[in-house]
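Subject: Structure handover

Hi,

Here is the structure I promised to pass on. My notes follow below it.

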Amino acid sequence: MTEQLQEEKVFKDPVHRYVHVREKLIWDLINAREFQRLRRIRQLGTSYVTFHGAEHSRFNHSLGVYEIMRRILVQFSRRIDLPEEDKLLCLSAALLHDIGHGPFSHSFEKVFCTDHEQWTQRILVGDTEVNRILRQVSDDFPGKVAAVIGKTYENRLIISLVSSQIDADRMDYLLRDTYYTGTNYGSFDIERILRVLRPYDNRVVVKHSGMHAVEDYIVARYQMYWQVYFHPVTRSAEVILRKIFERVRWLYAKGYHFAKRPDHFISLFEGEIGLDDYLALDESVVLFYMGEWSKETDAILCDLCSRFMDRKLFKYVEHDERVANVEWKQEIDELFRSIGIDPAYYLGVDSPSDLPYDIYRAGEEDERLPIYLLMPDGSLEELSRRSDIVESISGKRRFDHKLYFPLDLLEDGTRNPAVVREIKQRLRIDGIVK
Ligand code: NI
């Protein structure tokens with residue numbers, strides 16, 4: 001069943017040095033067209049406008065998650081006897097966990113209400129190369145991989161290796177995103193962590209002596225969210241991207257005559273997108289359209305696309321308590337309208353708490369299984385009870401509301417100066433715009 005390659009294949013990897021592939025199944029999955037598509041989807045969406053190194057793809061992240069899983073299984077094989085099929089299941093789920101991501105996922109999913117996890121399931125069980133390869137193991141194997149990724153599989157140990165507070169996915173993306181953004185916030189000692197992970201009943205726990213390494217990992221995660229993933233410049237580009245998708249959809253619905261018709265998006269606009277259409281969407285396609293649409297006669301679409309392509313982003317101010325005030329927002333909208341700027345496209349509120357972030361919070365939700373330390377007497381203790389550092393950042397939800405707008409349009413010299421002054425005053429713009 002576990003056919004091995006005649007010769008081990010290796011990929012050079014800047015984070016793990018090498019990614020080792022021994023099973024033919026894994027090799028075939030990597031070469032499947034749905035997996036190769038991940039080369040054309042960036043791991044960090046629009047972060048490259050802030051951190052120019054962040055051009056890495058979901059392809060190399062997925063290989064990294066696979067490699068971490070492979071190393072965990074090597075460690076575990078000294079302690080428990082996992083059947084070969086379970087090992088293949090772990091490796092396949094690690095490799096394929098992100099296969100359903102679309103281009104610029106965060107903006108894309110918000111506007112079109114798609115869900116990459118659902119697409120992952122559809123790709124695994126649908127009529128795809130990945131599905132045909134997985135079925136060579138057994139007819140129900142694609143369904144098992146889907147169940148592990150969907151967290152419904154019966155063996156909880158396998159699920160917790162793929163997704164938990166300390167899993168192969170998170171360990172890879174923290175290290176990888178740190179490396180490619182050129183920041184240091186996300187680094188931690190993965191070798192040490194892999195050495196102290198232990199299978200225990202149906203979960204993964206950490207040997208007590210590894211507590212400080214895990215503390216480092218938790219703090220790394222906390223730092224990466226606030227310093228990299230929620231960076232306001234990245235989010236500005238995301239706001240513009242969202243507005244572009246909304247404008248195109250609106251123009252299409254109105255019967256606007258596009259110089260470049262949005263062929264790749266039509267089934268999406270009409271709410272009936274199938275697997276093939278979805279798989280044809282990637283970031284090179286989206287960027288191609290963006291270039292074409294920056295030449296459209298529709299002034300808003302043209303302007304937004306040029307902004308995205310040329311990195312002429314929106315500026316932002318802190319939005320704090322005013323976000324809840326509907327009237328305040330309506331008045332600003334009205335002021336924008338009165339000087340010929342459409343607030344639906346040029347005024348964006350963004351709150352990173354909207355994003356699925358998962359800073360360590362012990363016991364908050366079932367899914368976020370807390371990290372347990374395995375004590376010398378064989379008992380388990382929840383991490384934040386032993387670690388003051390983890391305790392201090394557990395259970396504290398932080399919000400960050402910002403208001404995004406094009407300052408250059410307000411200041412282009414064609415707008416009523418009294419209204420512009422009024423807007424600036426209300427937004428408390430002077431001196432604090434970034
Ligand atoms: Ni991932």
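Proline 199 stands opposite valine 204 in β4. This is a predicted model: local features need pLDDT of at least 70, side-chain atom pairs count only at pLDDT 80 or more, and totals for chains, interfaces and linings use all residues. Residues are numbered from 1 along each chain as its sequence is written, and side-chain values use heavy atoms, with hydrogens and water left out.

Strand β3 covers residues 197–200 and strand β4 residues 203–207. They pair in the antiparallel sense, over four bridges (pairing takes at least two DSSP bridges; strands are DSSP runs of E, at least two residues, and helices runs of H or I, at least four, numbered from the N terminus). The two strands form a hairpin with two residues between them. In the turn, aspartate 201 has a positive phi of about 50 degrees.

**Helices α10 and α12**

The axes of α10 (residues 168–181) and α12 (residues 211–229) come within 11 Å. They cross at roughly 50 degrees (axes are lines fitted to C-alpha atoms, for helices over the stretch in contact, and angles run from 0 to 180 degrees between N-to-C directions). That makes α10 oblique to α12 (under 35 degrees is roughly parallel, over 145 roughly antiparallel, 65 to 115 roughly perpendicular, the rest oblique). Contact residues (heavy atoms within 4.5 Å) include Tyr173 and Leu174 of α10 and Tyr217 and Met224 of α12.

**Domains**

The assignment, automatic or from a database, gives domain 1 (4–230 + 362–393), domain 2 (232–313) and domain 3 (315–356 + 397–434). The C-alpha centres of domain 1 and domain 3 lie 38 Å apart.

Best wishes
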